[in-house]
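Q: Please take a close look at a single part of this model. I would like one connected account that begins with one residue and then places its surroundings within the whole chain.

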Amino acid sequence: MLPLALRAVARWPASRWGASAGAAVLTFLAVGLPTAVVPNPLFSRSVPTPWWGYPSLALTAVLAGLLLATYVRRAPAGPDAAGPGDASAPAGTGPGDGSAGGVDGAEGRRSSRAGAVGAVLGFFAVGCPVCNKLVLLALGTSGALSIWQPLQPLQPLLAVVSVALLAVATVRRLAGEVACPVARA
């Protein structure tokens with residue numbers, strides 16, 4: 001599946017790479033700012049960021065960027081773009097190709113769920129239990145201390161699971177672009 005995913009990425013136009021870079025930066029900021037892994041005046045940490053928090057945040061952002069870019073629809077190549085019956089055109093590049101990837105149905109939903117769960121776990125993996133304002137708003141101080149703080153030793157595991165889920169979802173979406181292109185209308 002990985003070779004298919006790499007082949008799909010090699011075919012990406014510049015617009016997809018731009019969408020991937022933009023989504024990666026937004027993910028980096030959306031996860032890094034509220035967890036105070038990225039220092040900022042709005043959020044602070046009373047517990048220092050563990051060493052593995054930085055690579056976890058970087059991998060989460062890159063994988064989420066790649067995954068989100070698979071949902072960007074490709075534009076036709078131009079006026080001479082392949083028609084409905086032209087099998088010589090690269091998968092997913094012809095007119096009317098409904099989506100970016102060919103993963104539809106149950107497989108597409110599983111990939112979407114895995115990516116979403118991976119992104120949320122990535123947020124919690126690098127978060128601080130008592131200094132994260134979002135956790136405090138959601139659980140309150142006593143909830144953060146009684147629910148989230150005991151799970152702190154599991155944070156490295158959450159980071160690994162997060163990255164793994166994002167990687168699986170990304171590879172599945174990318175491989176589906178090559179292996180199962182969406183039929184053209």
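**The nonpolar patch and its setting**

A: Leu 151 is partly exposed, with a relative accessible area of 33%; buried means under 20% of this area, exposed over 50%, and partly exposed in between (1.4 Å probe, protein chains only). This is a predicted model, in which local features need pLDDT of at least 70 and side-chain atom pairs pLDDT 80 or more, while totals for chains, interfaces and linings use all residues. Residues are numbered from 1 along each chain as its sequence is written, and side-chain values use heavy atoms, without hydrogens or water.

Leu 151 sits in the loop that lies between α5 and α6. Together with Leu 139, Ile 147, Leu 154, Leu 157 and Val 161, Leu 151 forms a nonpolar patch on the surface, whose accessible area is about 480 Å². Such a patch joins nonpolar side chains (Val, Leu, Ile, Met, Phe, Trp, Tyr) within 5 Å, from residues with over 30% relative accessible area and no salt bridge. Two or more of the patch residues come from each of α5 (133-148) and α6.

The structure holds 1 salt bridge. Both partners are buried: Arg 16 at 1% relative accessibility and Glu 177 at 4%.

Helix α2 also contains Ser 20, which is buried at 6% relative accessibility. Beyond its neighbours within four places in sequence, Ser 20 is in contact (heavy atoms within 4.5 Å) with Trp 12, Gly 65, Leu 66 and Ala 69.

The wider setting can be described briefly. The protein has 6 helices and 0 strands, these being DSSP runs (H or I, at least four residues, for helices; E, at least two, for strands) numbered from the N terminus. Of the 185 residues, 44% are buried. Among contacts between residues at least 6 apart in sequence, 79% join residues at least 24 apart. The accessible surface of the protein is about 9,400 Å², and carbon and sulfur atoms account for 73% of this surface, with areas from the Shrake-Rupley method and a 1.4 Å probe, where for residues only the protein chains shown count as cover.

Terms used: Salt bridge = Lys/Arg side-chain N within 4 Å of Asp/Glu carboxyl O. Patch = residues over 30% accessible without salt bridge, like charges linked within 9 Å, V, L, I, M, F, W, Y side chains within 5 Å.
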